[in-house]
Amino acid sequence: MTSCTHVVHCPLFAVFTVNSALTVWKSNYCTAEYARCARCQLSAAGKPVPQNLLPNGRTLNLAFPPAGRA
């Protein structure tokens, strides 16, 4: 099975590899149908890939609360 050519530089691939709970992401996007991966599509088009972009095109909310709030 062919893997995505972007796995070497993809920060999420490293996370998927070391966390067994995330193996399904790796199986579904990195080593199977990687052409579906939103990160791969942007990278292949020469566009910047947001750090919080998931392979399915959704984004993680990485916003931090304003100072003084918990």
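Student: Which residues of α1 meet α2?

Tutor: In this predicted model, F13, F16 and T17 of α1 are in contact with T23, W25, K26 and C30 of α2. Sorted by class, that contact comprises four nonpolar, two polar and one charged residues.

Student: How is the geometry of such a pair described?

Tutor: Two packed helices are characterised by the angle between their axes together with the distance between those axes. Here the axes of α1 and α2 come within 7 Å and cross at roughly 130°. Angles from 65 to 115 degrees count as roughly perpendicular and those over 145 as roughly antiparallel, and α1 and α2 are therefore oblique to each other. The crossing in which α1 passes α2 is left-handed.

Student: What does F16 touch beyond its neighbours up to four places away in sequence?

Tutor: With those neighbours left out, F16 touches L22, T23, W25, K26, C30 and P55.

Student: Which residues make up the largest nonpolar core?

Tutor: That core has eleven residues, namely C4, V7, C10, L12, F13, F16, Y29, C30, C37, C40 and L54. Both α1, spanning 11-18, and α2, spanning 23-30, supply at least two residues of this core, and α1 gives the most, with three residues.

Student: How many helices and strands does the protein have, and what share of its residues counts as buried?

Tutor: The protein has three helices and zero strands, so that, by definition of the elements, their order from the N terminus reads α-α-α. Of its 70 residues, 23% count as buried.

Notes:
Residues numbered from 1 in each chain as written. Predicted model: local features only at pLDDT ≥ 70, side-chain atom pairs only at ≥ 80, totals over all residues. Heavy atoms only, no water. Core = buried A, V, L, I, M, F, W, Y, C linked by side-chain atoms within 4.5 Å. Buried < 20%, exposed > 50% of the residue type's maximum accessible area, 1.4 Å probe, protein only. Helix = DSSP H or I, 4+ residues; strand = E, 2+ residues; numbered from the N terminus. Contact = heavy atoms within 4.5 Å. Axes fitted to C-alpha atoms, helices over the stretch in contact; angles between N-to-C directions. Parallel < 35°, antiparallel > 145°, perpendicular 65-115°, else oblique. Left-handed = near helix turned anticlockwise from the far one by under 90°. Nonpolar A, V, L, I, M, F, W, Y, C, P; charged D, E, K, R; others polar.
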